[in-house]
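Good morning, and thank you for coming.

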Amino acid sequence: MLRYIEKIGRATVGSIEELGYASSLLAESFYWIVFGARRGQAVSVSATFYQMLQVGIAAIPICAALSFAVGIMLAIQGINTLKAFGAESQVVVGIALSVTREFAPLIIGILIAGRSGSAIAARVGTMQVSQEIDALRVIGISPVRYLVVPALLAMIVMVPTLTFFADIVGMFGGAFFSVLELDISMQAYIDRTIKALVVDDVMQGLWKSVVFAVIIAIVGFVNGFSVSGGAEGVGKATTRSVVQAISLIIVADMVFTFYLNH
Amino acid sequence: MNKKIAEPVVEVQSLVAHYGSCEVLHGVDLSIQDGEIMVIMGGSGSGKSTVLRHMLGLNTPTSGVIKLLGQDITHISASKMDALRRNIGVSFQGGALFNSMTVGENIALPLREHTQLDEKTIRIMCRMKLELVNLAGFENLMPAQLSGGMVKRAALARAIIMDPKLLFFDEPSAGLDPVVSAELDELILRIRQAMKTTIVVVTHELDSTFRIADRITVLDQGNILMVGAIDEVRNSKNKRIKDLLERRAREIKIDAEEYLNRLTGETG
Amino acid sequence: MTYKITQYAGYSVIHLEGDVDLSTSPNARKIILECIEAKNNVLVDLSGVDYIDSSGVASLVEGYQLAKSGNTEFGLVNVSQAALDVLQLARLDTVFPIHLSLDAVAKVAKEPG
């Protein structure tokens, strides 16, 4: 019994420590973004673009495929459910709202957490093990400025961009199925979607995705920097960062949705 | 630049360090003079790597003073520390080359980050250092394509690219065959000769130590056993130092009852 | 670092004074390269140099290369022991034409062949 309490206590202290570390990482990142140039250590623009390419552009095909599939899935479920009320044609509104507000940011968040969040943890973990992080520090290069900031900025730009892209592809997926199933024209579908959507719906999803972007990057780096114990440690940190990032994304999504709809 | 610094280049005073709640350094004092090659020697677990990490400013000590080139790095502003680091080179045990960059990019990184030198100058400087460590023509290879000895030499080239006044070396011979290791020692001596660099080497290799050291500091279990010239260490009467030199295993006194308890897991 | 340029026996002599290090070598490089680009035969007098680091040496290397490609002469004069040590470390003492003094250069210049 006592052992369990001790275990819980340790875990609590551990997670509070980790939360503190995450906040300091975020704070330090903003410091470098704002004051880096003044200290003669400006954030590298080319590194940021390289990260954007890795995080964003390279993920376009898979994002397109997944959001198209989600759109079709929503259309199938929506039409089936609404059939019971004889309101199949309302599926257009349902797809538009659920894709922009919920599914696009969530799918992209989870996808990027699995794809790029894990890559961050693995890369930084490996650098930690091989003393490359130490090498950066003794050369006088802040690892936060050199590694964290470019990836963080790339995430903050690319995750919402991909989400917006997923909005469009997702709705197109929904339209693709609905047009075949409900016998309405594509033009009519698009007109009704535009009528149903307000800017706020899209913005709600995009704001969420900004928060998700920060979560993915910071969780990846916290786990990467904390690696100890060789290759096995890198593997553990990678898995851990994906699980943590996805869990935090879902919890944050819930909190966000609750406040935005009250 | 060439002003004679009367005070030691490295000065460590009563350094105490903990890992978690375990005290690993119990008040270490160390003083290294300008242009000297100081070898910090000790077995594994002696605390030599910990001393090095503190001297590099990678760990924060529990208490004590660490002065590099006259500045106390335990009480120094971040920007002053950055400036200080430009005068310090470090060659890590495994090389710690950045795997995502070519050898040339690795070596040029400190210059690209810290100076406004022309790209042409940077490239010539890189090639000069590669010539020096006998890696001419390897600048476009990736670190993964190099052998262990080549990685170490490339790491050395990166460490000295800014012509540091103070050079730290972590286990230069670890994992190298005797010939390559001897070559690296030769290189260390040549660098000191030409650039008047103060060099601090942390190692457990005896052959290497006796080849390069001006003075030796022997560390054991977080304490300094002795500091002295090669002969003084060789002729030391201290039992632990003799053990170290003769590569003898540590004798452990066995308390029969306590040992039995340890094995059976009984306490008391 | 300061410098002055004088003319001697058909050479432009660049006298460098003080430290040639990471912060001053870009300036030294500019002076040397400009002088060579103006089609002068150039000698760099290092007698006043207290300290030269590898960025300074790299600038000399670049100058020598430029002089060679432009078919003008380039050499070092009055190389102090400290500077020679740095050159030797990079095995460059065998590459550069190194003259003991300006007089030595003049003698060679007077006796062609």
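Helix α1(A) crosses helix α8(A) in a right-handed sense. Please bear in mind that this is a predicted model. In general, a pair of packed helices is described by the angle between the axes and the distance between them. Here, α1 of chain A, residues 2–35, and α8 of chain A, residues 199–225, pack at an angle of about 115 degrees, and their axes are 10 Å apart.

Which residues make this contact? From α1(A) come A:E18, A:Y21, A:A22, A:L25 and A:L26, and α8(A) contributes A:I218, A:F221 and A:V222. Sorted by class, the contact of α1(A) with α8(A) holds seven nonpolar residues and one charged residue, with no polar ones.

Let me turn to the core. The largest nonpolar core has 176 residues. Those touching the most other members are A:M155, A:I216, B:A157, C:V42, C:V44 and C:V57. Helix α4 of chain A, residues 91–129, provides the largest share of this core, with 18 residues.

Consider A:I216 in particular. Neighbours within four places in sequence aside, A:I216 is in contact with A:I112, A:A113, A:S116, A:G117, A:M155 and A:A245.

Finally, the contact between chains A and B. Chain B gives 15 residues to this contact, and chain A gives 11 residues. On the side of chain B that touches chain A, α2 (78–85) and α3 (103–114) of chain B each supply at least two residues. It is α3(B) that gives the most, with four residues. By class, that side of chain B has eight nonpolar, three polar and four charged residues. Thank you for your attention.

Notes
Residues are numbered from 1 along each chain as its sequence is written. Chains are lettered from A and ligands numbered from 1 in the order in which they are written. This is a predicted model: local features need pLDDT of at least 70, side-chain atom pairs count only at pLDDT 80 or more; totals for chains, interfaces and linings use all residues. Axes are lines fitted to C-alpha atoms, for helices over the stretch in contact, and angles run from 0 to 180 degrees between N-to-C directions. A crossing is left-handed if the near helix is turned anticlockwise from the far one by less than a right angle, and right-handed if clockwise. Two residues are in contact if their C-beta atoms, placed from the backbone, lie within 7 Å. Ala, Val, Leu, Ile, Met, Phe, Trp, Tyr, Cys and Pro count as nonpolar, Asp, Glu, Lys and Arg as charged, and the others, Gly among them, as polar. A nonpolar core is a set of buried Ala, Val, Leu, Ile, Met, Phe, Trp, Tyr and Cys residues joined through C-beta atoms within 7 Å. A residue is buried if 20 or more other C-beta atoms lie within 10 Å of its own, exposed if 12 or fewer, and partly exposed in between; C-beta atoms are placed from the backbone.
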